[in-house]
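Hi everyone, thanks for coming. Let's look at one helix pair and then at some aromatic rings.

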Amino acid sequence: MPTSYTEAGVRHELIEQLSRARQQTDDLFAIVNADSLYERPIAERHRIVFYIGHLEAFDWNLLQAVLGLKAFQPEFDRLFAFGIDPVGGGLPTDQASQWPSIVAVHDYVRKIRSVLDQKLPEALDSSGAGRDGFPLATLLNVATEHRLMHAETLAYMLHQLPLDRKVRQPKPADLVTPPVDHRSIEISAGSVTLGLSRSSNSFGWDNEFAAHNVDIPAFAIDRYKVTNRQYLEFIEAGGYESRSLWSADGSETDGTDTDVTNHDWNWKSQQGVSQPAFWKHDGNRWLYRTMFHDVPLPLDWPVYVSQAEAKAYAKWAGKSLPTEAEWQRAASSTLNDNGKEQHYPWGNEAPSSEFGNFDFARWNPVPVNAFPAGQSAFGVQGMLGNGWEWTSTEFASFPGFEPFPFYRGYSADFFDGKHFVMKGGSARTAGCMLRPTFRNWFQAHYQFIYTGFRCVSR
């Protein structure tokens with residue numbers, strides 16, 4: 001995505017990017033039956049109707065003052081301002097009847113888009129508009145990527161909506177791949193750059209700054225993401241019943257609520273977790289819930305699990321989850337280790353369908369070995385797309401972190417020791433967020449995301 005603010009035409013490309021992002025979320029909401037827009041597919045989240053209004057409310061609240069605009073529906077601006085992250089506390093208890101009609105929400109969306117679309121070209125051409133020391137171009141990137149993030153996280157939510165409440169979409173042809181040759185790839189000791197330089201003149205979220213080098217000892221990493229086939233072996237070996245796999249130190253302690261070492265075990269037991277959220281039993285066989293169908297478990301697709309489940313598997317396999325820095329070195333470092341790093345695992349060519357399953361190309365995963373052209377210099381495959389990848393790194397600030405003054409809580413609210421960094425991307429991750437510095441994060445016990453993992457040995 002072009003993000004250099006001095007190049008001719010970039011400012012107007014930013015408007016086009018916002019327009020394309022709007023189309024992406026419009027298309028997503030269109031897969032929901034009209035009579036299901038007030039459903040709440042995941043208990044911790046808002047009803048679907050909230051998000052229809054939220055995306056426009058975010059853009060409006062971000063840009064209104066910059067563009068010198070007056071509020072025309074302030075009660076909606078407030079109502080649709082904030083989403084919910086599933087962090088502690090009680091579950092939302094609002095009723096569908098408490099929300100505005102869908103006609104009123106759509107009218108609110110149309111009005112905001114109309115006003116912004118009239119004002120933005122003039123404001124961008126003036127080159128003087130901005131907020132809190134940031135140019136309007138940065139704010140438009142924030143608006144666009146915020147929307148595209150929701151295009152993905154809403155897919156997670158709609159995945160949990162009953163199949164008969166969605167409009168089925170065309171299914172791409174299945175990819176035919178050879179048997180998966182699971183093995184580890186040796187990664188030599190070296191350094192890697194994490195983060196984005198403030199002199200780069202490129203857009204990044206506040207948690208992507210600032211660039212710094214990390215030295216990493218040698219390690220070995222799985223060539224592919226862990227598959228459903230491999231994870232099924234873990235289940236059949238009693239992985240969900242072995243408390244030692246779920247404790248921080250591998251101990252067989254009492255598992256009481258106050259036992260910090262058994263935090264994951266307590267969660268699993270109390271929530272009755274015994275399998276990945278996307279799997280379901282059908283007699284003696286396993287089925288997999290895709291966005292629009294239940295299908296026999298695709299054994300060579302990556303398994304999607306919470307970080308707690310990924311850690312338990314890694315411990316069972318005698319391995320660990322990679323750190324953020326280890327993952328990044330395997331993805332972007334070059335073999336000659338001359339300090340140069342690739343923008344993408346395959347090189348510096350822009351993402352395309354040849355290199356992976358990303359940028360809304362499909363609704364579902366594909367076999368982990370489906371895109372050999374996308375492998376890194378070390379030969380590690382599938383590092384971008386087809387499912388985010390858990391790391392063991394707590395989501396925290398980089399040296400020199402400064403929160404966006406216009407969105408102070410975007411990152412800092414989650415520097416709490418409960419959220420962990422995810423790298424890579426899924427089939428529903430926008431191409432602009434495949435950049436090497438982008439950091440995603442979720443809680444360790446959240447199961448409903450398109451996130452898998454691979455293991456390392458040290």
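A quick definition to start: a crossing is left-handed if the near helix is turned anticlockwise from the far one by less than a right angle, and right-handed if clockwise. Please keep in mind that this is a predicted model, where local features need pLDDT of at least 70, side-chain atom pairs count only at pLDDT 80 or more, and totals for chains, interfaces and linings use all residues. Residues are numbered from 1 along each chain as its sequence is written, and side-chain values use heavy atoms, leaving out hydrogens and water.

Now the helices. H2 (residues 48-63) packs on H4 (residues 102-126) at about 30 degrees, the axes being 10 Å apart. That makes the two roughly parallel, a label for angles under 35 degrees. Their crossing is left-handed. Among the H2 residues in this contact are Ile52 and Trp60, and the H4 side includes Tyr108 and Leu116; contact means heavy atoms within 4.5 Å.

On to the rings. Rings of Phe, Tyr and Trp (its six-membered ring) pair if their centres lie within 6.5 Å; planes under 30 degrees apart are stacked, over 60 edge-to-face, and the rest tilted. That rule gives 48 aromatic pairs. In one of them, phenylalanine 72 and tyrosine 108 have centres 6.2 Å apart and planes at 50 degrees, so this pair is tilted.

Buried or partly exposed: which is tyrosine 108? Tyrosine 108 is buried, at 0% relative accessibility, while phenylalanine 72 is partly exposed at 32%. Buried means under 20% relative accessible area, exposed over 50%, and partly exposed in between (1.4 Å probe, protein chains only).

How values were computed
Axes fitted to C-alpha atoms, helices over the stretch in contact; angles between N-to-C directions. Helix = DSSP H or I, 4+ residues; strand = E, 2+ residues; numbered from the N terminus. Parallel < 35°, antiparallel > 145°, perpendicular 65-115°, else oblique.
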